[in-house]
Amino acid sequence: MTVRESILRYGASPWHRIDVYQPPQERVQSRVVLFHGGFWRHDRIARDLEPMAVALVGDGSAVAVVEYRPVWDGGWWPGAQDDCTAALDALAEQDAGWDTAVLAGHSAGAQLALAAVAGRSAGRRLVLLAPVVDLERAAALGVGGSAVPHLVSRHLAAGGRCADATPRPTAADLSALVVVEAAADQAVPTELVAEQLAQWSAAGLAPEHRVVPQARHMHLVNPERAAFTTVRELLIATAGPAS
């Protein structure tokens, strides 16, 4: 399998990069944009999703993996969120086909994926993997330890609220919302996923919910794990044909 790899820069920081993986142009059937997790601290980085990206290229998808600034290097809220919005704009400027790509965010990357499209009324399609999006509840449940307080620390010091960092998309922002839960997730509790699903349903977003049996947190983005088969099928189904 031939995989063409390139880097797209979208800002001045070394973190402002998008790793783009593509099959031969005539084989591009869909487009996927990935946002990695790591609780905004970069416990994970974009390169960690390279195996996932390459696996999706094998299915005929062009894949863009967004890197963004960590909390300790300019990513305090809303820094990382602004980065992800700018990254989507940069992809669309390079090729308008990326405007219709499905967006997939893992863990804290789900918060960034939703934040990047909330309020833009673009009807984007999202797949959220083990999502950490309601930051006030995540902090109360201790998800990620000190990750959420660290992310919003400067915002709080300026008089803001933790809830301000939770994206609140409308039905105009999303044309599809798929939520994938790992049944044996050791990082994101079922309670948080259930509460988020209830909020999105109340907002009229009609999320599709899939639970992957026996899967742990990182299994959802690891092509060598059985759980990835479900994720792969959902991404292909949600992405639809490339434009």
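Q: Is strand 3 mostly covered or mostly open, and where does it run?
A: In this predicted model, strand 3 spans residues 30-35 and is mostly covered. Six of its six residues are buried.

Q: Which residues sit on each face of strand 3?
A: Ser30, Val32 and Leu34 are on one side, and Arg31, Val33 and Phe35 are on the other. Both faces are covered.

Q: How buried is Arg31?
A: Arg31 has a relative accessible area of 7%. The cut-off for buried is under 20%, so Arg31 counts as buried.

Q: What does the side chain of Arg31 contact?
A: The Arg31 side chain makes a polar contact with the side chain of Asp95, at 3.2 Å.

Q: Switching to pairing. In which sense do strand 3 and strand 4 pair, parallel or antiparallel?
A: Parallel, over six bridges. Strand 4 covers residues 61-66.

Q: And how many bridges join strand 3 to strand 5?
A: Four bridges join strand 3 to strand 5, which is made of residues 102-106. Those two strands also run parallel.

Q: What stands opposite Val33 in strand 4?
A: Ala64 is the residue opposite Val33 there. In strand 5, Val33 has Leu103 opposite.

Q: Back to strand 4. Which helix goes with strand 3 and strand 4 in a β-α-β unit?
A: Helix 1, residues 50-58, makes that unit together with strand 3 and strand 4.

Q: Is that unit right-handed or left-handed?
A: The β-α-β unit is right-handed.

Notes: Residues numbered from 1 in each chain as written. Predicted model: local features only at pLDDT ≥ 70, side-chain atom pairs only at ≥ 80, totals over all residues. Heavy atoms only, no water. Buried < 20%, exposed > 50% of the residue type's maximum accessible area, 1.4 Å probe, protein only. Pairing = 2+ DSSP bridges. Right-handed = clockwise from strand over helix to strand, strands pointing away. Polar contact = N/O pair within 3.5 Å; in protein donor to acceptor, adjacent residues only side chain to side chain.
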